[in-house]
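Please brief me on this chain.

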Amino acid sequence: MTYCNKCDSVPETAPQEGQLFLWPPVAHTTSKILAAAKSIGLSVTKSASVATLTIDYCRPGLRGLIDTISKDLLPEELAETKALIMPPNQTPEIDDIARITSLNAIRAAIGAEWLGDLLRDNRLNSAFQPIFPINDFKTPYAHECLVRGAKADGTLIMPGPLFEAAQSATLLFQLDRAARAANVRNARKAGVTGNLFINFTPSSIYDPDFCLRSTIEVVEECGFDRSNVVFEVIESEKVRSTTHLSAILQSYRASGFRVALDDIGSGYSTLNMLPDLRPDIIKIDRELIDHVDRDNYKQAIVSKLIALARQLDIEVVAEGIEREEELAFLIEHDVDYVQGYLLGRPGPHPHTGPAT
């Protein structure tokens, strides 16, 4: 069942044969595009006002075509030249306006076609990193599910390149939705028990009542207790609309899940969001944990964050712990949970045995 047309479908970047429509911002940009097309023998159809350029193409030559006509354009010209790909012998109509994008975006989408193939082939794996209670380093309180991509030959793709490609190719909605579902299914397959932390980016969700339904269905399908699933907002400091994020978190809570905010302390904005969002759990920014035992400023901030969270009945995870001295400071200040390479690295299987 499809709940959200944008999140649940991976569009083809371009048909095998078609037309590239371009609307350059100024005549100078038009001249550059025409000159580049002429240099490789491309035929360009111009409207009477020369406001619209049309180029026929055949795959797989579309990428070379776009690279050629883009090579002499400034970044501003790439961003401001409007573009649309259409099937052969069709002209844009009113319903096509919503699909008009920039030449830069189409160029990025063509360069990231591998991501669309990856999503259609369901080549998303997961690594699981343990989170321990501060008073027990033998039994994890939870595992954070971290998505990994796989190339067709099995080569690992880390989250950074995955989400960078998704952002540039306007596939963030599809990747984030697929990552949530893959992490839940992979956790069940790997035999993860206890609490699960599932990451998501708020900018990938339009309407939580629709965009989150498929994820909830996967949780049910895998038999996880909703109260054991924590949806973690990543890149909290980049949230633009607290109202929108609040609606998302309310939707999760109404469905029986818990919510967490990461990178708390990375800026005033994250603290400022607490009264509106009221998360169940916060994660202290790893930059504050790094060498906290040697930095009086970090010590003051971290200790105050822990005290503030306790006063607000919010649980605290300190992440990014890589040194015994950092752990000792957090034990002394009675943080709730700890996570980091010192205690357990992400791996394809849930953590068993004492923290290393």
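Of the 356 residues in the chain, 50% are buried; buried means under 20% relative accessible area, exposed over 50%, and partly exposed in between, with a 1.4 Å probe and protein chains only. This is a predicted model, in which local features need pLDDT of at least 70, side-chain atom pairs count only at pLDDT 80 or more, and totals for chains, interfaces and linings use all residues. Residues are numbered from 1 along each chain as its sequence is written, and side-chain values use heavy atoms, with hydrogens and water left out.

**Overall build**

- The chain holds 15 helices and 14 strands. Both are DSSP runs numbered from the N terminus: helices are H or I with at least four residues, strands are E with at least two.
- The C-alpha trace spans about 75 × 45 × 35 Å along its principal axes.
- Take the contacts between residues at least 6 apart in sequence: 68% of them join residues at least 24 apart. A contact means heavy atoms within 4.5 Å.
- The chain has 35 positive and 48 negative charges, and their mean positions are 4 Å apart. Lys and Arg count as positive, Asp and Glu as negative, while His and the chain ends are not counted. Each charge is placed at NZ of Lys, CZ of Arg, CG of Asp or CD of Glu.

**The five-stranded antiparallel sheet**

- Five strands form an open sheet in the order β2-β3-β1-β4-β5, with antiparallel pairing. β2 and β5 (101–102) stand at the edges with a single partner strand each, so one side of each has no neighbour in the sheet.
- Strands count as paired if DSSP finds at least two bridges between them.
- β1 (residues 17–23) pairs with β3 (residues 53–58) over six antiparallel bridges. Here G18 has Y57 of β3 as its bridge partner.
- β1 also runs antiparallel to β4 (residues 82–86), joined by five bridges. Q19 is bridged to M86 in β4.
- β2 (residues 44–46) pairs with β3 over three antiparallel bridges. T45 stands opposite T54 in β3.

**Parallel pairing around β12**

- β12 (residues 281–284) pairs in the parallel sense with β11 (residues 258–264), over three bridges. L261 stands opposite I282 in β12.
- β12 and β13 are also parallel, with four bridges. K283 stands opposite V317 in β13.
- In a regular strand the side chains alternate between the two faces of the sheet.
- In β12, I281 and K283 point one way and I282 and I284 the other way; all are buried.
- K283 and D67 are 216 residues apart along the chain, and their C-alpha atoms are separated by 43 Å. D67 is found in helix α3 (residues 62–70). D67 is partly exposed, at 30% relative accessibility.

**Cysteines and helix α10**

- The disulfide count is zero, where a disulfide is a pair of cysteine sulfur atoms within 2.5 Å.
- C222 is in no disulfide, and the nearest cysteine sulfur, that of C145, is 11 Å away. C222 is buried, at 10% relative accessibility.
- C58 is partly exposed, with a relative accessible area of 48%.
- Helix α10 (residues 213–222) has several buried residues, among them I216, V218, V219 and C222. G223 follows α10 and has a positive phi, near 75 degrees.

**Backbone exceptions**

- Most residues other than glycine have a negative phi, and most peptide bonds are trans.
- R59 and P60 are joined by a cis peptide bond, with omega about 5 degrees. P60 sits in the loop between β3 and α3.
- H291 has a positive phi, near 55 degrees. H291 is placed in the loop between α13 (286–289) and α14 (296–311). Its relative accessible area is 29%, so H291 is partly exposed.
- D313 has a positive phi too, near 65 degrees. D313 lies in the loop between α14 and β13 (315–318). At 70% relative accessibility, D313 is exposed.
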